[in-house]
Amino acid sequence: MQIVKQSALALFLAVFTFTVSAHPHSFISLKTTLVTDGTQLSGLKMRWTMDEITSADLLYDAGNAKPGDEVWKKLAAEVMANVLGQHYFTEFWHNGQKVKFLNRPTEYGMSREGHQAVLTFVLPLTQPQPLAGQKYTFSTFDPSYYVDMSYAEDSDAQLPAELQKRCTLAVHTPKPSEETLNFAVSLDKEDAPPEDMELGKQFAQQVTLQCQ
C-alpha cells in the first residue's frame with residue numbers, strides 16, 4: 001500500500017483515486033460515547049466511519065470477508081497502529097491540563113457498512129476521572145486538515161443513560177476566519193500546512209462535558 005505523506009492519519013487511508021483542489025481531501029464521520037461506571041470517566045468509545053472513496057482500498061483488501069474473519073482483525077490492527085502513533089488524533093482536557101491516554105485501546109475492530117469502512121475502538125484514559133462537579137473538553141482532528149473529522153449531528157456525541165440526568169454534552173463547531181478558510185482552499189494534495197499552524201485544530205469541533 002502506497003503511503004500518503006501529508007497527514008499521519010493518511011498512512012492507513014491509501015492513495016486516493018480522485019483529485020481535489022483544496023483541503024480536506026478525505027472525510028471521517030465521528031460518533032463518541034463516554035465510558036463510565038456512573039461516578040468516574042474511564043474512556044471514550046469511538047466509531048469512525050470513512051467516506052466511500054477513502055474506504056475503497058480497505059474494503060478491496062477485505063474482499064468478501066464476513067464479520068469476525070481474520071482479514072478484518074489484520075486491517076484493524078494496521079489502522080490502529082497508525083492511529084496510536086498520533087495519540088488517537090484526540091486531545092482531552094481538564095482544568096487546563098491535558099489528560100493522558102493509555103498506549104493501547106482496550107478494544108478495537110473494523111467492519112463494513114455498505115460501501116464504507118468503520119473503525120471502532122475504546123480510547124482509555126490513563127487514570128479514571130471523577131465526574132461530579134467537573135468539566136471536561138475533548139476534540140478529535142487531523143492537525144494538517146488533510147482529513148476532516150467531524151460529528152454530522154450534535155447527538156453523535158452521546159451520554160450513557162446513567163449520566164443523562166446530571167451531565168450534559170455540548171458540541172461546539174468553530175467558525176474559522178476567512179483568511180484561514182482561504183488558506184485551506186489554496187492547498188492541494190501535495191501541500192501541507194506548517195506544523196505549528198495546527199490548521200486542523202482551527203476546524204476541530206470541541207465537545208464539552210459538564211456534570212453536576
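Biologist: Which residue of β4 is the bridge partner of Trp 93?

Modeller: This is a predicted model, with residues numbered from 1 along each chain as its sequence is written. Local features need pLDDT of at least 70, side-chain atom pairs count only at pLDDT 80 or more, totals for chains, interfaces and linings use all residues, and side-chain values use heavy atoms, without hydrogens and water. Strands (DSSP runs of E, at least two residues) and helices (H or I, at least four) are numbered from the N terminus. β3 (residues 90-94) pairs with β4 in the antiparallel sense over two bridges, and the partner of Trp 93 is Lys 98.

Biologist: How far apart are the end C-alpha atoms of helix α2 (residues 70-84)?

Modeller: The expected span is 1.5 Å times one less than the number of residues. For the 15 residues of α2 this gives 21 Å, which agrees with the separation in the model, 21 Å.

Biologist: Which exposed residues does α2 carry on the face turned away from its buried side?

Modeller: Buried means under 20% relative accessible area, exposed over 50%, and partly exposed in between (1.4 Å probe, protein chains only). The buried residues of α2 are Trp 72, Leu 75, Ala 76, Val 79, Met 80 and Val 83. The face turned away from the buried side carries Glu 70, Lys 74 and Ala 81.

Notes: Pairing = 2+ DSSP bridges.
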